[in-house]
Amino acid sequence: MGDVRLLTLPFDAAEELGTFTQRLPQAGGIVSFLGQVRAGGPEGAEVEALELRHYDPLTLPAMTALAARVAGRWTLDGLLILHRSGTMGPGEPIVLVAAAARHRRDAFAAADFAMDHLKSESWFWKREKVAGAWRWIEPRDQDIEDLARWG
């Protein structure tokens, strides 16, 4: 039911979403979220790069388990979760989540739930390079609050 992939190379979000959509003509609603490396960092400084590291034996199985939780909670026709690891530059895609359902509310909720869990229960360590120096990025309080609303 779900297409879950952990990638080390860039992906074309429009192409991935187009392929996903074409496979699901029965879906009444498809909702997607694309996360990309932002150009602006702390205090408006320019982000030069973002690096995501992960523990290989855990990451893809945990992403797959998340997809199963999403599919068990909402009535979906399809689910797509793509996540990059490695070093990326500003504007490069990091994550793409798409949920397809007969009705839009299931698609919206499923995509939102998946992103909140990817962001807050992340199996990735993130750091960004600003002004030539790397710094680790910790989850924000808002990320924890977003996750808590799901109970």
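**Close-up views of a predicted model**

**View 1. His54 and its partner across the strands.** His54 stands opposite Phe124, a residue of strand S7. The model shown here and in the other views is predicted. Strand S3 covers residues 47-54 and strand S7 covers residues 124-130. The two strands run antiparallel and are joined by seven bridges. Strands of a sheet pair through backbone hydrogen bonds, in either a parallel or an antiparallel way.

**View 2. The four-stranded sheet.** Strands S5, S3, S7 and S8 form an open sheet, in the order S5-S3-S7-S8. The pairing in this sheet is antiparallel. Strand S5 (86-88) and strand S8 (133-137) are the edge strands, each pairing on one side only. From one strand to the next, the twist averages 25°.

**View 3. The largest pocket and its centre.** The volume of the largest pocket is about 840 Å³. Its lining is made up of 33 residues. Of these, Arg38, Lys119, Lys126, Ile137 and Asp143 lie nearest the centre of the pocket.

**View 4. Elements that line the largest pocket.** Helix H3 (104-120) is among the elements that each supply at least two residues of the lining, and H3 gives the most, with eight residues. Helix H4 (141-148) also supplies at least two, as do strand S2 (29-36) and strand S6 (93-101). Strands S3, S7 and S8, which belong to the open sheet, each supply at least two lining residues as well.

**View 5. Residue classes in the pocket lining.** The lining of the largest pocket has 17 nonpolar residues. Eleven charged and five polar residues are also part of this lining.

How values were computed: Residues numbered from 1 in each chain as written. Predicted model: local features only at pLDDT ≥ 70, side-chain atom pairs only at ≥ 80, totals over all residues. Heavy atoms only, no water. Pairing = 2+ DSSP bridges. Axes fitted to C-alpha atoms, helices over the stretch in contact; angles between N-to-C directions. 1 Å grid on protein atoms, 1.4 Å probe; cavity = no way out; pocket = protein on both sides within 12 Å on 5 of 7 lines; lining within 4 Å. Points joined across faces, edges and corners; volume = space filled by probe spheres on them. Nonpolar A, V, L, I, M, F, W, Y, C, P; charged D, E, K, R; others polar.
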